[in-house]
Structures are given as C-alpha cells and as structure tokens.
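Please look through the report below with the sequence and the model side by side.

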Amino acid sequence: CLMDDNYPEYFERGANAEKYLHDSMEECCEEHGAACTSHPTRSPTTSPTDPPSKSPTPAPSKSPTSEPTTSPTPRATGPNGKVIWAYADVMTGHQVCLMDDQYPDYYLNGVNPDRYLYKNLEECCIAESFPCTAYPTVSPTNSPSKTPTVGPTANPSKSPTPAPSKSPTKKPTKMPTPPPTPKPTPPPTGKPTPKPTPKPTPKPAPKPTPRPTAAAAVVTPRPTNKPTIKITPNPTNKPTKNPSGKTSYWYPDIDSTVSKCVFGTDFKSWMAQPQYKANQLFDSYAECCAQHDCDRSGAVDENDKQPPSTVLTFINDGFENGQGDTKGKWVHGGTTTHVADWHATTSAKKTGTHSFRSGNLNGKRGKSSDATIEVNSSSGALFSFWYQALVAEPYDF
C-alpha cells in the first residue's frame, strides 16, 4: 500500500473510491491483505518528480535534453497505424486484456475511448474485473524494454493458508455455500436397491459406474407415480448413445427482457455448434450465470415468450439456396423514397455463388432501395458484412 496522490484517475470513479482508496495505510493493508511495510524513500525530495512518459520511446535519445518537455511523449503506434492501448478481449469471450493496436476501429469513436481503452494492462484488468492474466500481444513491441524486470513473481502457496484472511472477500459468491451434512455419507451398498426411489437424485454422480450391475431397473424418461413391481433381469447389451434425443443444458434465455439462465432443451440450435457451445451451454446454473451475469434483482420478464416470426436471434447468411437464415425476414420499404426491393442474385459475390442486391433505381434521382431486419439479443451483437457500391454518373459525387 502507498500513501500519495499518484493513484490512477479511475480509482475516483463510482464505487472504485470506496474499493481502492483508504484514509490510512493500516486500513489499506487490512483491506487488501498487504504486509503494510511500505518502502520509504531515503530522504524526502524537494519537489515532486515529473510523471513518466505514457510509453517507452523507440530508442534512447542521443543525449539528455537540457530541460524537460512541456508535454508527455506521445504513445507508441502499432503496425496497423493506430496508437497502442490496452483493451478487453471481448470478441473471443475470454476474460483477458490485450495491449496492442488490434482493437476495433469504432473503439476510437465518440466516447468509446473512455469506455474501452486503457493506459496499461493493469488498469484494464481492474476496470473489467478480469484476473489480469493477459495473452501476449499479437505483434512485438516497437523496441525492447530498457531494463529487465526486477524479479520473478512470488511462488504460489504450497497448501491452503493456515488461517482465514483478515478481511472478507470483495464480492459475495453468486450462490450460497450449502451447509455440511451432520454425518458423513455412508458407503454404497454391495447390492442394487430392490426398488427405485420415487424421485430422481438431485445431482448425477461425478463419475459413471465402472460396469453395470447384474440387475438394473428400467430407466424411464420421468419417474413413475409408483415404483416398478419387478426389475429387469439383465441390462441391455449397450446403452443408447442419446436416450432423450436432445441433451438438456443450462443456457441463456436470449428471448427474455432480463438476463437469466434456464434449463432444458429449448435452446437455439446454433448454441450447440462447436464454436458456440462452450459459451452458451452449461452443466450448472452457477456456470451459466457466471458467464452471462444473471439478473438477481427480481426484475420481471415483460416479454417471456418467443419473439415474432420476423425477428431473428442468430444470423449467419451467405444468401445461398434462397437466402438461408434470413429468408422471409427482411422488411422492404418503409421510407418515402423506396422504389425497388432487394433480392438474391448471382451477378456479384464475395464468396459462394450468391449475394443480396438492392433494387434497380432506373436512374431516378433522390430514390432508394431500402431493406431492414430485426435481431433480438439481450446481450448485444456484432453485425458485419461485405458490400459493393455501383454508382453511375451524374450521381458519383
């Protein structure tokens, strides 16, 4: 813990002041578990030192300047021609911060720099509540650091800490810890249960049994009102690969007006695709809410139903085979200048054989071809596409 005014400016924003700023060294050390043995300077300086430059210079100067510069050295520029900043890697879904110039161009528009760009990785990780174990940058820095790091990071603890921490955790867990059972669980019996239980067990066993029992009960999709009278003499030769047809998971309800996770098989078909499954389908409620930040305020879902048939929740369309995902979902017109509808065509394309083309204006000046599509997503979306513009005289100005 340090006691000065050199902390980052965002420490004063919102709830950060209460979280990171303290009235005394003792209070700071108690809150953050520090040893509270800060290293004082050998002697106080006569005046405050100049702040360091925002980033290292590409190479050391030939000789020191006679006087300090009136403004800080500008930040380094990356291979894409943009200034290097730290930012959250939201496009891949990983909770890490990156430090390069590979961020999207719209991060530089309007107020976006204050929301998405940070001076360094530490500032980014603290603001985004990430564990701050960032991936290496895509491209190397313009020049090596002036000096090597002071020392390696401290070794991890060999075993759990001998005593609880001095202060409680900064944030409560999403789900309360279940109380311990009064007695240890008894060991399993040597023989199968003569009759099935009236209700299924609350959670499946962590691992499957090594081999089937000599006599097993018939497994029904749902428990019967009464236990079966007899058990089957022998199990089947092989278990079915997918007995229920579609496996149930916890998944985000993207049709809801509040952020929530539900259980079942009614998830969108695209969620089960390999590139999306890890971030959309989960084995437990806690895992789903940890990824999608469930709303626990008790807000009422005012639209807890399927969206209209013209509203999509997922688009990946190459306009092949008669438009694919978006067929019948486009709304044409809606403006006073609309004169012709859009349509699928083979006359020009980026990939495949088709593209989506505007209607022919037939040289009518001031007219347009308009098409809109509505996407329902409570978590936001990224919409990208390739386009080609064909403009003829005298309208090509």
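R75 lies over the face of W85, at 4.2 Å from the ring centre, and K82 is placed over the face of Y103 in a like manner, at 4.4 Å from the ring centre. A charge is taken to sit over a ring if NZ of Lys or CZ of Arg is within 6 Å of the ring centre and within 35 degrees of the ring normal. Y103 also belongs to a cluster in which ring pairs link Y87, Y103, Y106, Y107 and Y116.

This is a predicted model, in which local features need pLDDT of at least 70 and side-chain atom pairs count only at pLDDT 80 or more, while totals for chains, interfaces and linings use all residues. Residues are numbered from 1 along each chain as its sequence is written, and side-chain values use heavy atoms, with hydrogens and water left out.

A pair of aromatic rings is described by the distance of the centres and the angle of the planes. Rings of Phe, Tyr and Trp (its six-membered ring) pair if their centres lie within 6.5 Å, and planes under 30 degrees apart count as stacked, over 60 as edge-to-face and the rest as tilted. By this rule the count comes to 17 aromatic pairs. The rings of Y7 and F11 have planes at 5° and centres 6.5 Å apart, so this pair is stacked. W342 and F356 form a tilted pair, with 5.4 Å from centre to centre and 40° between the planes. Because W342 lies in the loop between β6 (331-332) and β7 (343-345) and F356 in strand β8 (residues 355-357), the pair ties together parts that are 14 residues apart in sequence. Helices (H or I, at least four residues) and strands (E, at least two) are DSSP runs, numbered from the N terminus.

The table gives the relative accessible area of the residues in these two pairs, where buried means under 20%, exposed over 50% and partly exposed in between (1.4 Å probe, protein chains only).

| Residue | Relative accessible area | Class |
|---|---|---|
| Y7 | 29% | partly exposed |
| F11 | 12% | buried |
| W342 | 28% | partly exposed |
| F356 | 14% | buried |

Which residues are buried in α4? In this helix E123, C124 and C125 are buried, and what covers the buried residues of α4 includes β1 (85-88) and β2 (97-100). At the start of α4, a side-chain oxygen of N120 reaches to within 3.3 Å of the backbone nitrogen of E122. The helix is followed by S129, whose phi is positive, near 60°, although S129 is a residue other than glycine. S129 is found in the loop between α4 (121-128) and β3 (249-252), and at 43% relative accessibility it counts as partly exposed.

D293 likewise is not a glycine and has a positive phi of about 50°. Its place is in the loop between α6 (285-292) and β5 (311-312), where D293 counts as exposed at 55% relative accessibility.

Turning to the whole, the protein chain has six helices and ten strands, and of its 397 residues 19% count as buried. Among the contacts (heavy atoms within 4.5 Å) with a separation of 6 or more, residues 24 or more positions apart account for 49%. The accessible surface of the protein chain, from the Shrake-Rupley method with a 1.4 Å probe, comes to about 32,100 Å², of which 56% belongs to carbon and sulfur atoms.

Definitions and conventions. Polar contact = N/O pair within 3.5 Å; in protein donor to acceptor, adjacent residues only side chain to side chain.
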